Amino acid sequence: MLPLALALVLILVTAYFLNDREIMSPAVLFSGAFAFSGLWALAYAQKWSLEPSTLTVTVLIVGGLEFVLVAFFIHLFFRFMRRRRINDVESIDQTEIESEQIQPTVVAPWKSVFIIIFLIIGIFYTIYSIKKIGVGMSLGEAIYYVRVQTIFTINGDTLPRSVNIIRNFSLSCGFFFGYLFARENLYFHKFPFLNAVIVVLSVITTLLMGDRTEMVVILIAIFCYYYCLSRGQRGWSKQKNGKFIAGTIAVGMVVLLVFPEIAELLGRESDAGLNSFDYLSVYIGAEIKNLDIFLRNAVIPVTSSVWGSQTFINILPWFAKVLNFTMPNQGLVLPFQTVNGAYLGNVYTTYYAYLYDFGLWGVYILVPVMAGISQLFFERIITIRNPKRVPYSFLIYSNIVSTLVLSFFSNKFFEQIFSRAFVLMIFFWVFLNIFIFGFNFQQSHNARNTLH
């Protein structure tokens, strides 16, 4: 396991320098996630009898290198194009551009209050719907029961569609007002209270669905906003990342420490009874061991009645309705694992779904797709200057960032981005931009300057 862990760290270091030391670049996030997981798995290698097979090592190293190289070549192309435009447009008055001031974002208080009231009503309606399904259960038990039905069965006993719409709207608000909170706090050193309340209510709504991951996703998005806005304010010139990395580690440690307590509140005591480090190892390092178990015991790709049943689990039901075919009532196939008496959960890294559905070709094809889409949105982020409203590129990329950070955990990219829920969130973001800022779409102060 030691050579694999060192290789994953080396891939991270390579990605860091190839991408101009931008820690929010896709390649750094993706490789960093696996390096972190690999080091944690190394600490438990003896306890788990973790000696990765040649196939496991190949998948992890080839997948990491693929992502880094695809992202790097796309970055090279866009960097060349930006420099070429700068050389071709020498008539721009740089002094005038640099003197333009960033203006505060004005949100009418009644609009924020209206959204807060709606979210609170949505929380109570969600609780009512959960208790209606989990009759006789405590709220935590009912939440866990509904979550199991939702994840592991296609046609299980799940919540009404209205609850899922409320959840998607609440999550959309978390990203949208998280951006506004970060912008006002960073640029003007204010604490926009109403924006903070909306973000907190959004987190509460997602927790009621039994999913702690979405709480982490919102926090990651806010960190993404802070980093990208700060870098954009400085024209993406070189800067030291020490303070940002230290802050990220501090917040990350706090979130990890409260994970067991949140698990108990959500009715998940069965996997929260371990000591803190063993508990966290299930969520951070066990994925590599579980992937190794899968590759040692399965013949890939696994025969399935539906193409891409694990990779595209969240978009296939929509295609089933449009194309009139029946989805198997199986959901995600994620067996729980136990090794040497140690509980390892049922998470297998993002590669599991690709291997399950398509074998090694899934890794060779889908990893470059993921890298390409991620890098294209990051390159777009670099060009944005002082927008008048919340940029959709920021919102989309903040979602992509969370999928890359959690790629060591599971197939978040294709589950989260390739889904009806994500399409619905984009519609909600359009609605929020219109509701908050009106129909008068204006260009940013520096719209003409997308050259840096």
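**Helices, core and surface of the predicted model**

Tryptophan 318 is found in helix H14, which covers residues 316–323, in a model that is predicted rather than determined by experiment. With a relative accessibility of 39%, tryptophan 318 counts as partly exposed, because this value falls between the limits of 20% and 50%. Together with Phe319, Val322, Leu323 and Phe325, Trp318 makes a nonpolar surface patch of about 470 Å². The loop between helix H13 (286–297) and H14 holds proline 301, and the peptide bond that joins isoleucine 300 to proline 301 is cis, with an omega of about -5°.

In the protein as a whole, the secondary structure comes to 19 helices and 2 strands. When contacts between residues at least 6 apart in sequence are considered, 78% of them join residues at least 24 apart.

The largest nonpolar core has 129 residues, and those with the most contacts inside this core are Phe176, Phe177 and Tyr351. For tyrosine 351, once the neighbours within four places in sequence are left aside, the residues in contact are Phe30, Phe34, Val59, Leu60, Gly63, Gly64, Val363 and Val367.

Helix H8 spans residues 161–188, and the distance from the first C-alpha to the last of its 28 residues is 40 Å, close to the 40 Å expected at 1.5 Å a residue. Because 22 of the 28 residues of H8 are buried, this helix is largely enclosed by the rest of the structure. H8 is followed by histidine 189, which lies in the loop between H8 and helix H9 (193–208). Although histidine 189 is not a glycine, its phi is positive, at about 55°, and with a relative accessible area of 70% this residue is exposed.

A positive phi is also found at asparagine 340, which is likewise not a glycine and for which the angle is about 50°. Asparagine 340 lies in the loop between strand E1 (337–339) and strand E2 (342–345), and its relative accessibility of 57% places asparagine 340 among the exposed residues.

Helix H17 (residues 392–405) has 14 residues, which at 1.5 Å a residue should span 20 Å, and the end C-alpha atoms are 20 Å apart, in agreement with that expectation. Since 12 of the 14 residues of H17 are buried, H17 is largely enclosed by the rest of the structure. The buried residues of H17 include Phe394, Leu395, Ile396 and Tyr397, as well as Ser393, Asn399 and Thr403.

Glutamate 379 has its place in helix H16, which covers residues 360–383, and at 2% relative accessibility this residue counts as buried, because the value is under 20%. Apart from neighbours within four places in sequence, glutamate 379 is in contact with His75, Phe78 and Arg82. Glutamate 379 and isoleucine 74 are 305 residues apart in sequence, yet the distance between their C-alpha atoms is 8.8 Å.

Technical notes: Residues are numbered from 1 along each chain as its sequence is written. This is a predicted model: local features need pLDDT of at least 70, side-chain atom pairs count only at pLDDT 80 or more; totals for chains, interfaces and linings use all residues. Side-chain values use heavy atoms; hydrogens and water are left out. A nonpolar core is a set of buried Ala, Val, Leu, Ile, Met, Phe, Trp, Tyr and Cys residues joined through side-chain atoms within 4.5 Å. Buried means under 20% relative accessible area, exposed over 50%, partly exposed in between (1.4 Å probe, protein chains only). Contact means heavy atoms within 4.5 Å. Helices (H or I, at least four residues) and strands (E, at least two) are DSSP runs, numbered from the N terminus. The expected span of a helix is 1.5 Å times one less than its number of residues. Patches are made of residues with over 30% relative accessible area and no salt bridge: like charges are joined within 9 Å, nonpolar side chains (Val, Leu, Ile, Met, Phe, Trp, Tyr) within 5 Å. Accessible areas come from the Shrake-Rupley method with a 1.4 Å probe; for residues, only the protein chains shown count as cover. A salt bridge is a side-chain nitrogen of Lys or Arg within 4 Å of a carboxyl oxygen of Asp or Glu.
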